Structure formats: C-alpha cells, structure tokens
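Thanks for coming. I have one structure for today, and I will go through it region by region. Here it is.

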Amino acid sequence: TILWPLAAAPERLPTGPREPMLIRSDRAGTDPLAAEIAPGGRLDGLLGALEQAVPPGSPLATAVCVAVDPLLLETLDEMSRGYQVSDPRGITDGTGARDARSWLDRLRAAVQGRCVLPLPYADTDLVALSRAGLTDLEALATSTGARLVSDLLGVQPVTGVVWPLDEMLDERTLADLTALQTHAVLLDPRDLTPPPVPARDVVGLVGGSSSTANPGAVVAGNRDSAVGLLVDPLLTSALTSGPSNTMVPATSSLSTQDEIGALVYRAAGGRGILLAPPRRWQVRGTDATALMTAARQLLDAGFVTSRELPALAAARPATGSAAAVTYPPQATAEEIPYQVTS
C-alpha cells in the first residue's frame with residue numbers, strides 16, 4: 001500500500017473583500033508555490049511520477065492512495081484566477097496562474113477512479129489542537145478536506161481515515177478522532193505500547209481514560225472501533241535520509257537507491273508494507289518515478305500484491321493484543337506552551 005503525498009506550505013496573508021489572494025515569499029523576486037508546480041518543480045515531479053509510472057489500469061494503481069492537503073487544492077484554485085506575492089521588496093502579481101490551472105487539471109485526470117485521502121486541512125497538528133482544547137478546530141480540520149477534494153477534484157475521497165502529523169497521536173487526540181467518526185489512523189509502530197510484532201501492519205488501538213476515577217476505560221479501539229495502520233520505520237528512514245529530504249533540489253540519487261533497496265528488502269521478507277513518504281517530500285521527479293517504477297516491478301515479479309488503503313483501514317483484528325498510543329517526550333518538548341495557546 002503506497003501513500004503518495006501532495007502537500008505544500010503556502011503562506012497566505014490576510015486580504016480584504018474582493019482582493020486577490022496574497023502569498024508571502026521570504027526572498028525577493030520569488031514565487032515559491034509557483035516554482036513547485038512549474039515544469040521541473042517538486043510538485044510537478046511528484047504528479048508526473050504518478051502519471052508515468054502508475055497510469056490508470058496499471059496493476060499498481062489499486063495500491064496507491066493520493067494523500068493531498070486540501071489547503072493546497074484551495075490555494076491553487078484561487079491562484080488560477082490571479083493572485084499576488086508579497087516579498088521583501090513589496091507586492092507584485094503572481095506568475096503561476098497558468099501552471100496552477102494546468103497542475104489541477106492534470107491531478108483531476110490522474111485521480112479519477114483512484115483512492116484519494118485528504119490530509120488534515122493545512123496539515124494541522126491535531127495533537128496541538130486537542131491539547132489546547134480546540135476540538136471545534138479538530139473537527140473542522142478533518143471535515144473540510146473531504147468537501148474540498150470532492151468539489152475541486154470531482155472524486156469521492158476516503159473518509160474516516162486520518163494521517164496525523166509525524167504519524168503520532170496521544171490518547172486524548174485518539175479519543176477526539178474516534179468521536180469524530182475516525183475508524184483508522186496511520187501511526188509509527190515505535191509510538192505504540194506494547195510494540196507490535198514485526199509481521200503485523202494493522203493493530204487494534206486502545207487508550208486509557210483521562211479520568212482518574214476510571215483510569216482503565218477504553219476510549220478508542222477495543223479492536224472494533226479504531227485501527228492503527230503502521231508505517232514502516234525502515235522505509236521512512238530511507239525516504240527521509242540524504243539530499244532528497246533537504247530544502248533544495250536533490251543533486252544525487254543515492255538516497256533513492258536507499259529507498260528502493262529498503263523496499264526490496266521488505267518485499268523479500270513477506271510482510272505487509274505501508275509506504276508513506278514525508279508529507280512535503282523534497283525529491284526530484286526522476287527519483288520519485290524510479291521509486292514508483294521499482295514498486296511496480298516488485299508487483300509484476302510477484303514479490304508483493306496490491307492492497308487498497310480503504311480495505312486495509314477496514315480491517316478489524318479480532319484476535320491478538322491491542323496497543324496503546326504513546327506520545328514521544330521529544331514531541332512534547334517541541335510543543336507551543338499551553339499558556340500561549342490558551
């Protein structure tokens with residue numbers, strides 16, 4: 001199962017009624033998002049890899065689910081109608097309106113009949129919202145995506161499945177998401193207790209209640225209401241190492257060779273594989289195509305079979321132990337203090 005992320009971090013600035021959208025740029029004379037969708041840009045390459053290596057009807061197509069940030073779709077849709085850029089020298093007209101229309105049209109064609117998973121709107125940190133008590137914004141972040149994907153791409157997206165930031169949650173956020181009709185979340189197995197056995201890629205999730213009167217209450221899971229889909233730490237490490245994860249274009253394909261080697265190693269081991277690149281994966285289009293092509297070759301050779309994300313998320317493990325989510329101490333240390341959010 002492959003998640004193919006299409007996300008960016010456009011900094012949109014406030015504008016008045018009927019004023020064009022305004023995007024902020026740190027460097028004079030640059031249009032950051034326009035550069036990403038232009039021919040040869042990062043988002044152009046990721047979409048091109050999907051078009052070239054996994055065309056409609058490809059045996060690998062059922063394994064691929066396109067994970068898209070609804071804010072990116074919304075921003076490109078507004079860009080296509082004209083926008084402005086604010087940089088250190090002032091405000092100028094944006095240059096990416098035509099590329100925004102073209103990229104969205106290509107994406108619409110590429111996702112027809114495919115699995116599309118909306119990310120939380122603006123790639124929101126759901127744990128931060130939960131810890132700040134902003135459950136209304138949690139609900140908004142997880143519900144807005146389905147509407148925007150349906151309106152702007154013309155497809156029915158996957159619902160009830162959440163890919164949280166950095167593949168980690170705490171118990172409170174898991175409980176919040178379960179109350180919001182989430183039935184599956186994508187997690188790093190290193191943040192579960194007890195750690196799942198190596199061959200398992202789906203686990204039932206449980207959590208302790210925050211109430212001291214009933215500390216053992218199950219707030220999510222009981223292996224019937226919430227499922228954890230486990231990303232592969234080895235593949236994640238390969239995907240985030242080397243020059244392809246820097247903020248400048250990659251100058252070497254060595255990291256792509258690492259990724260393909262790790263994928264082949266996992267495929268030879270006969271275990272379930274959930275391949276999830278970083279959200280804003282900094283990779284060249286040729287390298288992204290090479291990785292997708294390697295996955296297709298493994299499928300053609302019989303080393304792996306395709307599994308659709310919705311089917312994987314619908315799994316209800318009835319036997320075996322469940323796992324509890326644990327929030328890493330280093331993540332807690334990086335949080336904005338409660339005094340600020342309150």
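**Around V85**

Let me start with V85. Leaving out neighbours within four places in sequence, V85 is in contact with L22, I23, S25, T30, D31, G90, I91, T92 and G94. V85 belongs to strand β5, which covers residues 83-87. Its relative accessible area is 2%, so V85 is buried. G29 is 56 residues away from V85 along the chain, and the C-alpha atoms of the two are separated by 9.0 Å.

Before I go further, a word on confidence. This is a predicted model. The average pLDDT for the chain is 87, and 89% of the residues score at least 70. Over residues 208-224 the pLDDT stays under 50, and the model has 33 contacts for that stretch beyond four places in sequence. Residues 243-252 are also below 50, with 22 contacts in the model beyond near neighbours in sequence. Where pLDDT is low, the predicted coordinates should not be read in detail.

Next, the nonpolar cores. The largest has 56 residues. Which residues have the most contacts inside it? They are W4, L43, L60, L76, M79, W103 and M292.

Now the aromatic rings. How many aromatic pairs does a search of the whole structure find? It finds one. The pair is W4 with W281, and the geometry is edge-to-face, with 5.6 Å centre to centre and 90° between the planes. W4 is in strand β1, residues 2-6, while W281 is in the loop between α9 (254-268) and α10 (285-300), so the pair ties together parts that are 277 residues apart in sequence. Both W4 and W281 are buried.

There is also a charge over a ring. The charged end of R279 sits over the ring of W163, at 4.6 Å from the ring centre.

Last, T124. Is T124 buried or exposed? Its relative accessibility is 18%, and the cut-off for buried is under 20%, so T124 counts as buried. T124 is in the loop between β7 (115-118) and α5 (126-131). Not counting residues up to four places away in sequence, T124 touches L129 and A141.

That is the tour.

Terms used. Residues numbered from 1 in each chain as written. Predicted model: local features only at pLDDT ≥ 70, side-chain atom pairs only at ≥ 80, totals over all residues. Heavy atoms only, no water. Core = buried A, V, L, I, M, F, W, Y, C linked by side-chain atoms within 4.5 Å. Buried < 20%, exposed > 50% of the residue type's maximum accessible area, 1.4 Å probe, protein only. pLDDT = per-residue confidence, 0-100. Contact = heavy atoms within 4.5 Å. Phe/Tyr/Trp six-rings, centres within 6.5 Å; stacked < 30°, edge-to-face > 60°. Helix = DSSP H or I, 4+ residues; strand = E, 2+ residues; numbered from the N terminus. Lys NZ or Arg CZ within 6 Å of the ring centre and 35° of its normal.
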